[in-house]
Amino acid sequence: MKRARIVGTGSYVPQHILTNQELEKKVETSDEWIRTRTGIRERRIAAEGECTSDLAAQAARQALTMAGVSPEEIDLIVVGTITGDFPWPATACLVQEKIGAKRAFAYDLSAACSGFVFALDAAVKQIQCGAINKALVIGAEILSRIVDWEDRNTCVLFGDGAGAVVLSAEEGDHGVLSTHLHSDGSYWELLYQAGFGARHPANARGLDERVQFLKMQGNEVFKVAVRMLTEVAQEALAHNGMECQDIDLFIPHQANRRILEAVAKRLHLRDDQVYINVDYYGNTSGASIPIALDEVNRAGGIKPGDILMFDAFGGGFTWGAALVRW
Ligand code: ACO
């Protein structure tokens, strides 16, 4: 069986930086509250007219360049997103057109903050069964468009961005070793966007109810996130006969510094094993892991043979981990 190896990474974040100090002028909050509760200092916000497919295409081009793979070689594009350009067609199809990946089939995958890990799993399985040779897996979000800028409980947490990887079918020991996915729909009301799907279509329920905005019960999400992120990481390690100390780089979904520190503590990970950049981007949902991966990869922080773990949790609830030998 061929393995899916990550042969290129890319990322793109919008130019505009929104600091905590600027948020102090929009809602009743403080830089001190945001930093101590979340670790976030600033986040990127997409410009008017800038769409999720634009961010995704930029990240994809970078990943293709690093991989030395042309767009025409790509067989599959999967975009993990909950803020696509349209409800449909898929943002992945728009990315396909933008980058000229003429041969690829393309679709979006909705798993909220776990979107990248779920999309990675889908592409890896296509490679392992021999159906395809090369895939682009992208996490891309413009959460600023579904955030209620009058709700201090949520608006301080999120940001916009995109990250991408190119997967290639290769012989040998390097590549994605395993993926582990879970969902529990009984928690859906703790984190969701009510409008504008079939339950609350745009023409039936008005903006008064603010149904277009993301809603979250933060402290409930926090508790379940810590538990599930820990359990699925342990599951991935046990499956591969590894222990926490075997991980060279743990790249979790960048939800909140306190969540990540709690998970790292439960897994007995040292600070130097855990990559955290939530300070500068906030929670970019499905984009956070591939943005962090690209950042550390471009900084020369990953050596061939290193063991990486991606660990994600999000609305649904969904959660999942992937173990990778670089
Ligand atoms: N500024 C100032 N005060 C605030 C703010 C703010 N931005 N937001 C909330 N508060 C207030 C609340 O109103 C509340 O005040 P009250 O006691 O007078 O009612 C008080 O702070 C405490 O609120 P809590 O919600 O209990 O605060 P908590 O310590 O739980 O922190 C937070 C809130 C940061 C949202 C936390 O629960 C959290 O990080 N949860 C995880 C949620 C998350 O990361 N979701 C992302 C999506 S899922 C994922 O990616 C894992």
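Mentor: Happy to! Setting aside neighbours within four places in sequence, His253 is in contact with Cys113, Ser288, Ile289, Asp311, Ala312, Phe313 and Gly314. Keep in mind that this is a predicted model. His253 sits in the loop that links strand 11 (249-252) to helix 8 (257-266). It counts as buried because 33 other C-beta atoms lie within 10 Å, and 20 or more are enough for that label.

Now turn to Cys113, one of the contacts of His253. You will find Cys113 in the loop between strand 5 (105-109) and helix 5 (115-128). Cys113 is buried too, so the count to look at is its 32 C-beta neighbours inside 10 Å. With neighbours within four places in sequence left out, the contacts of Cys113 include His253, Ala255, Ser285 and Gly286, and also Ala312, Phe313, Gly314 and Gly315.

What ties these two residues together in the record? In an unreviewed entry, UniProt lists Cys113, His253 and Asn283 as "active site". Those residues are spread over 171 residues of sequence, yet they cluster in space, with a largest C-alpha distance of 8.6 Å.

Finally, the ligand: of the 23 residues around it, the ones that come nearest are Thr29, Gly218, Asn219, Phe222 and Ala255. Two or more residues each come from helix 2 (31-38), helix 6 (152-155), helix 7 (218-239) and strand 12 (307-314). Helix 7 gives the most, with 5 residues. By class, this shell has 12 nonpolar, 9 polar and 2 charged residues.

How values were computed:
Residues are numbered from 1 along each chain as its sequence is written. This is a predicted model: local features need pLDDT of at least 70, side-chain atom pairs count only at pLDDT 80 or more; totals for chains, interfaces and linings use all residues. A residue is near a molecule or strand if its C-beta atom, placed from the backbone, lies within 6 Å of it. Helices (H or I, at least four residues) and strands (E, at least two) are DSSP runs, numbered from the N terminus. Ala, Val, Leu, Ile, Met, Phe, Trp, Tyr, Cys and Pro count as nonpolar, Asp, Glu, Lys and Arg as charged, and the others, Gly among them, as polar. UniProt positions are given in the numbering used here, feature names are shortened, and annotations may be inferred rather than shown by experiment. A residue is buried if 20 or more other C-beta atoms lie within 10 Å of its own, exposed if 12 or fewer, and partly exposed in between; C-beta atoms are placed from the backbone. Two residues are in contact if their C-beta atoms, placed from the backbone, lie within 7 Å.
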